[in-house]
Amino acid sequence: MKAIRLKLYQNLVNYKKPISFQLKETYPLPPPSTVIGMVHNLCGFTEYHEMDVSIQGKYHAKVNDLYTRHEFSNNIIDDKKTRCRECMTINSEKAKECGNCGGSNLEDVWIPRGYLVRGIVAPGIKKYNSLYEKNVILDEKNREHYKENYISVIEGPATAELLTDVELLLHIIPKDQTIVEDIEKAFLYPREYPSLGRREDLAVIKEVKVVNIFKDTLEDDISIGNDYSAYIPVNLIEKDDVQLGKKVGVAGTRYKLTKNYTLINCGTKRFPKIVRRWNKVDVIYGSNIKVFEDTHIELDEDGNIVFAL
């Protein structure tokens with residue numbers, strides 16, 4: 001079986017954990033779904049092509065960086081206030097008279113938190129004036145219109161965890177071997193800059209090579225070089241075929257990583273609600289990896305271990 005072996009370098013990168021919000025945490029290596037998504041994007045595939053990936057690499061350090069977080073709500077999140085009909089001053093909800101002019105002719109108004117977008121969210125949404133509204137004051141006349149047609153978008157500072165000086169060794173193993181050449185050309189002559197992780201996380205391609213993958217029984221113990229870590233299938237650890245660190249067994253971090261998904265309808269036939277159901281792989285992330293003799297394992301033609309996921 002043939003695979004495309006990639007060596008990549010990234011300066012600063014975040015492979016976001018799905019359950020992290022206030023601090024955008026990162027996986028130590030990209031999950032399979034991230035790698036597979038990069039391949040499909042560069043190849044211009046419009047349908048899913050089944051493939052396995054082997055993911056190894058290392059990073060130098062972790063740092064934190066600020067970014068602008070956007071929180072979206074299907075409803076308008078607003079605060080109730082009062083407004084003076086004489087001088088249009090906004091007062092607190094329980095005010096009995098205007099704090100500016102002292103008048104008592106007050107009306108109820110609502111101040112949305114953040115800005116409002118007309119029913120959809122897309123990159124560059126702010127340039128469409130008909131879709132984007134900010135500093136809106138809702139009164140009894142227009143409140144229902146906005147609540148039916150707009151959603152709230154709240155901006156604020158947050159922190160992202162970044163890996164520095166990332167080196168990756170990837171093996172892309174498509175089930176359909178006829179597309180091996182297409183994937184190779186996509187990385188040799190990319191149609192746009194490659195990114196892995198966030199859109200801005202550029203990837204420098206150091207090597208692209210088509211290699212043969214075969215299974216072999218090891219005659220001697222072998223180790224992964226370059227101080228690389230890897231995602232290892234759990235079954236190899238449980239069978240004590242692989243050693244992490246100085247201990248046989250589970251000495252790494254266990255993850256359930258996303259690989260691909262199917263679309264399912266959680267709604268009804270009349271009112272469908274399509275969501276992604278992710279297929280996940282159970283792996284151990286570890287370093288100082290040694291595979292013992294007599295283990296039946298996949299290798300590429302240059303002797304690199306392949307942990308296909």
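Modeller: A salt bridge here is a side-chain nitrogen of Lys or Arg that lies within 4 Å of a carboxyl oxygen of Asp or Glu. In general, side chains of opposite charge can pair when their charged atoms come close. The model is predicted, and the structure holds 22 salt bridges.

One of these bridges joins Asp79 to Arg113, and their closest N and O atoms are 2.9 Å apart. Asp79 belongs to strand E5, while Arg113 sits in the loop between strand E7 (106-112) and strand E8 (115-117), so this pair ties together parts that are 34 residues apart in sequence. Asp79 has a relative accessibility of 31% and counts as partly exposed. Arg113 is partly exposed too, with a relative accessible area of 41%.

A further salt bridge is formed by Asp108 and Lys80, with the closest N and O atoms 3.7 Å apart. Here Asp108 lies in strand E7 and Lys80 in strand E5, so the pair ties together parts that are 28 residues apart in sequence. With a relative accessible area of 32%, Asp108 is partly exposed. Lys80, at 33% relative accessibility, counts as partly exposed as well.

Met88 has a positive phi of about 65 degrees although it is not a glycine. At 45% relative accessibility, this Met88 counts as partly exposed.

Asp201 counts as buried because its relative accessibility is 1%, and Arg198 is buried with a relative accessible area of 19%. There is also a network, in which salt bridges that share partners join Arg5, Glu207, Lys209, Asp300, Glu301 and Asp302.

Lys24 lies over the face of Tyr67, at 4.1 Å from the ring centre. Arg143 lies over the face of Trp110, at 4.0 Å from the ring centre.

A search of the whole structure finds five aromatic pairs. Among them is the pair of Tyr231 and Tyr255, which is edge-to-face, with 6.3 Å from centre to centre and 85 degrees between the planes. Tyr231 lies in strand E13 (residues 229-233) and Tyr255 in strand E16 (residues 253-265), so this contact ties together parts that are 24 residues apart in sequence. Tyr231 counts as buried at 0% relative accessibility, and Tyr255 counts as buried at 15%. These tyrosines are part of one aromatic cluster made of Tyr27, Tyr231, Tyr255 and Tyr285.

Tyr261 is in strand E16, and Tyr261 is partly exposed with a relative accessible area of 36%.

Phi of Asp227 is near 60 degrees, a positive value in a residue other than glycine. Asp227 counts as exposed at 63% relative accessibility. Ile222 takes part in another contact: Lys290 and Ile222 are 68 residues apart in sequence and 5.7 Å apart in space, C-alpha to C-alpha. Lys290 is found in strand E18 (residues 289-291) and is partly exposed, with a relative accessible area of 28%.

As for the whole, the secondary structure of the protein comes to four helices and 20 strands. The radius of gyration is 26 Å, well over the 19 Å that the globule rule gives for 309 residues, so the protein is more spread out than a compact globule. Its C-alpha trace spans about 90 × 40 × 35 Å along the principal axes. Buried residues make up 43% of the 309 residues.

Methods:
Residues are numbered from 1 along each chain as its sequence is written. This is a predicted model: local features need pLDDT of at least 70, side-chain atom pairs count only at pLDDT 80 or more; totals for chains, interfaces and linings use all residues. Side-chain values use heavy atoms; hydrogens and water are left out. Rings of Phe, Tyr and Trp (its six-membered ring) pair if their centres lie within 6.5 Å; planes under 30 degrees apart count as stacked, over 60 as edge-to-face and the rest as tilted. Helices (H or I, at least four residues) and strands (E, at least two) are DSSP runs, numbered from the N terminus. Buried means under 20% relative accessible area, exposed over 50%, partly exposed in between (1.4 Å probe, protein chains only). A charge sits over a ring if NZ of Lys or CZ of Arg is within 6 Å of the ring centre and within 35 degrees of the ring normal. The radius of gyration is taken over C-alpha atoms; the globule rule is 2.2 Å times the number of residues to the power 0.38.
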